[in-house]
Amino acid sequence: MTEPASAPYRVLARKYRPATFAELIGQDAMVRTLTNAMESGRLAHAFILTGVRGVGKTTTARIIARALNCTGPDGKGGPTITPCGQCDSCRAIAEDRHVDVLEMDAASRTGIGDVREIIESVRYAPVSARFKVYIIDEVHMLSTAAFNGLLKTLEEPPAHVKFIFATTEIRKVPVTVLSRCQRFDLKRVEAEVLIAHLAGIAAKENVAVEPEALALIARAAEGSVRDALSLLDQAIAHGNGSVSAEPVRAMLGLADRMQVFDLYDKVMQGDIAGSLADLRLQYDAGADPLAVLQDMLELTHWLTRIKVTPEAADDVTVAETERRRGAAMAAGLTMAVLARTWQMLLKGIAEVRQATQALAAADMVLIRLAYVAEMPAPGDLVRQLNGKGGEAAASLPGAAPGPAVPQPAPRGGPAPVRPGATAELAVQSRAVPQLAPEVERPSTAHQIVQAVPLPDFAAFVALAGKQRDLILKGQMINFVHLLRFEAGRVEFRPAAGAPADLANRMSERLREWTGERWTISVAKDGGAPTLAQAAAVAEASRRAEVEGHPLVRAVAQAFPGATIQSVRMRNAAAESAAGDDPGANESSDGDE
């Protein structure tokens, strides 16, 4: 493939374009299928090649056209997987001047009129070749009418016609067309194969290339041979005839790989100041903040793979120092932290793309990551809150030492605080056990919250409020006409509208909260007024007493039309009495 020195320069992607299947890299499965088909004479009349940009779809189509029409050096050969490159057909196809091999770009010729030209020309036999070959690139761009017009000819073409389609969007091709073609999926070229291919081309060009630079180019190309050759061409020009890692990294706008590891390490340690300083240094050195976050995302994926499959740390495309450090970092991070980091980086990358100031947006992403780095995962919190004894609650960040289940607070007063404990610790010691019933309502003996018999029904209602079962509390206040309440036994008459399972729910909660089995009896008549009714009567009595007070009468005379909205008792004794009566507290919310 060498050219005379006087020939104009050709980019590497064109200069080293494969001319035979032996030069085509990374597509062994397709080559094997075509080889067997040609040897057995079972050649399809239509092929469709699909894959990402730059993997060789159009190149493969031209190689197939040469293989079908090659006549050999002596002019007597037939279809072969190894075209000679010397016969008239091979040379004409290689130079894009063969009259019987027609190539059409469907991106610029999408209409039914363009397809009609093909339909009309297939009737005529080839001029000099064995087969008339139609290569349609980016076939998914054809219009619906063009596809429909091609269907009949595509299904039953003349024996001397072959169709070869190429597309990057296989899902946009109608299934009626796909069903009439033999499909080949050209896969991305593996990094190891691509690095070896680039090294061979660099040797032919007499260019010194560092292995790390080739790894950077192969990683940036993402399996595309054309992209890799274009980047190598650019790197050679950038390095003035030689290619090293640092110029390539600067050319691609990438951060130093070890700097990415350092930044990731500081973020996982919660070092916000150090993380922002590292990002700023990389930014000043020319790294794109978006590229830095994408590198961190890639590193998160790689560390997760190492966590799941340790042999991923033996990837030959990764430098030895990176492999050792990656294995150490993966061992120190949990799967929950890696999964959380992945999700936050995905969201952060989208924010940086949309932000007007990419560096500021990247700073905020790192701050969020570092802030939550040492926080436990939600699953760990749930397990700690439901843990056995006081060890789980004591292990929570900021939790106060002491028993896991505090004693119930006296009625009408705050929960007891140990001598010397701060107010903050007292609040946390109450907050921990209140969260547990919301996650799971246990019934084991060590999680009982009330170990002594309840003195009266009002205490039972108050306990329901403390346990955050507000629905049950409201139902007992409004629907229970109490007949009897004693240790282990409750008898009541449900009011109209009471839920059918009220007695069962009361029994279950009493057993959970007291550790004893209670008998709940339901009567058909009788019973005291409900707590809501008793509270209403008490409120009416207090209102009548207040309205008869001389001071209140004087205020009413001075301000005609004034009304009493509610009555609130101010002295401690009255507040204590109100605490014993849940219904009273419910109705006394205003100001005197």
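Reader: Which exposed residues does the face of H16 turned away from its buried side carry?

Author: This is a predicted model, with residues numbered from 1 along each chain as its sequence is written. Local features need pLDDT of at least 70, side-chain atom pairs count only at pLDDT 80 or more, totals for chains, interfaces and linings use all residues, and side-chain values use heavy atoms, with hydrogens and water left out. Exposed means over 50% relative accessible area, buried under 20%, partly exposed in between (1.4 Å probe, protein chains only). By that cut-off, the face of H16 turned away from its buried side carries Gln343, Lys347 and Gln354.

Reader: Within what arc do the buried residues of H16 fall?

Author: The buried residues of H16 are Val337, Leu338, Thr341, Leu345, Gly348, Ile349 and Val352. They line one face of the helix, because, seen down its axis, the directions to their C-beta atoms fall within an arc of 110°.

Reader: Which strand pairs with S9 in the parallel sense?

Author: Helices (H or I, at least four residues) and strands (E, at least two) are DSSP runs, numbered from the N terminus, and two strands pair if DSSP finds at least two bridges between them. S8 (residues 480-486) and S9 (residues 489-494) pair in the antiparallel sense over 6 bridges. The parallel pairing of S9, over 4 bridges, is with S10 (residues 519-522).
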